[in-house]
Amino acid sequence: MTKQKWKTPFNFPIPEKQDILAAFKIMEKGEGKEHSIMLYLYHVVNILFCCMKNWFLLIALFFLNALLHAQVLSMDSLLQRLSVAKNDTNKVNLLFTIAEQYENSEPEKAKQYIIKAGNLSQGLDYKNGMLRFYKRMTYVYAYLSANDSALFYANKILDHARQTKDSFNIGVALFNIGERYNFMSDYEQGLQYSLEGLKILEGKGHPPQVEASLYGGLQVTYLMLKQYAKAIEYGKKAEKIERELADKNPLTGTLVNLANCYAELGQLQESKKIYKEALALSQEFENASLEGMIYQGLSDLALKQNQPG
């Protein structure tokens with residue numbers, strides 16, 4: 001089986017691992033004679049860091065997608081079923097299932113099936129289908145970085161949830177509206193919506209992954225606002241749940257953001273300790289993108305530690 005290459009939704013180039021390692025070693029040693037090489041490799045690794053910073057801002061996007069998680073199914077089988085399907089709610093759900101197979105590889109094709117499902121749902125007056133339509137359109141447009149369109153459909157989710165008095169989806173919609181504002185760099189507005197969503201969802205008996213995702217999202221928002229103490233507060237809440245669940249992938253991201261916060265506060269040893277744990281975790285599940293981001297953070301620490309006092 002060919003090993004799948006990591007791909008980002010922002011089409012940033014991912015440098016080779018040996019370049020990342022070389023950059024880290026040069027920066028950690030602080031060798032002046034190799035300053036020009038260091039600057040070049042630092043630039044290469046920083047491309048990855050910029051990509052990953054944006055990637056972590058998508059935490060609510062991936063949270064929403066996790067709630068709607070779909071198995072990878074045989075496309076031939078799905079299309080065969082679609083060719084004989086009647087125009088009923090089962091066909092709506094089948095169209096969404098087909099769309100989900102394309103969302104992270106061919107989002108434009110996914111959108112075609114989502115729109116067909118939405119049109120059929122509207123014709124059938126299928127309220128759950130319309131809610132699912134709004135959610136999937138939010139996800140795809142967010143994936144495509146079409147933030148105005150993603151925000152439009154996120155507000156549609158909120159309107160629908162309020163009409164049906166669906167408190168869970170009201171909370172999720174508010175939180176995701178907040179993330180859309182964050183992605184447009186309006187962090188103050190984003191924070192207001194996110195905190196409103198948290199108030200509705202927190203402590204209401206939802207699965208622990210939900211609260212962990214909320215806390216992780218707020219960790220990122222406060223980090224972007226440079227409110228590092230608040231970012232640490234919510235990061236530790238997310239970390240506690242993720243450790244209890246042994247959920248290593250999101251735990252690694254939470255740890256990276258905690259390490260970033262401690263680095264910004266000048267607590268370099270604490271930051272380095274957390275980065276090292278995150279590095280070991282990322283290597284366990286072979287996440288080259290996260291690993292690259294961690295080496296970026298360690299490299300920044302090495303530069304700070306080698307600066308003249």
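Residues are numbered from 1 along each chain as its sequence is written, and side-chain values use heavy atoms, with hydrogens and water left out. Because the model is predicted, local features need pLDDT of at least 70 and side-chain atom pairs count only at pLDDT 80 or more, whereas totals for chains, interfaces and linings use all residues.

The protein has 15 helices and 0 strands (DSSP runs, H or I of at least four residues for helices and E of at least two for strands, numbered from the N terminus). Of its 309 residues, 50% count as buried (under 20% relative accessible area, 1.4 Å probe, protein chains only).

Two packed helices are described by the angle between their axes and the distance between the axes. Helix α8 (residues 147–163) packs against helix α9 (residues 167–183) at an angle of about 160°, the axes lying 9 Å apart (axes are lines fitted to C-alpha atoms over the stretch in contact, and angles run from 0 to 180 degrees between N-to-C directions). Helix α8 is therefore roughly antiparallel to α9 (an angle over 145 degrees). The residues of this contact (heavy atoms within 4.5 Å) include Leu-151 and Leu-158 in α8, and Ile-170 and Leu-174 in α9.

Gly-217 is located in helix α11 (residues 208–224). This glycine counts as buried because its relative accessibility is 0%. Gly-217 and Ala-231 are separated by 14 residues in sequence and by 9.5 Å in space, C-alpha to C-alpha.

Note on methods. Angles under 35 degrees count as roughly parallel, over 145 as roughly antiparallel, 65 to 115 as roughly perpendicular and the rest as oblique.
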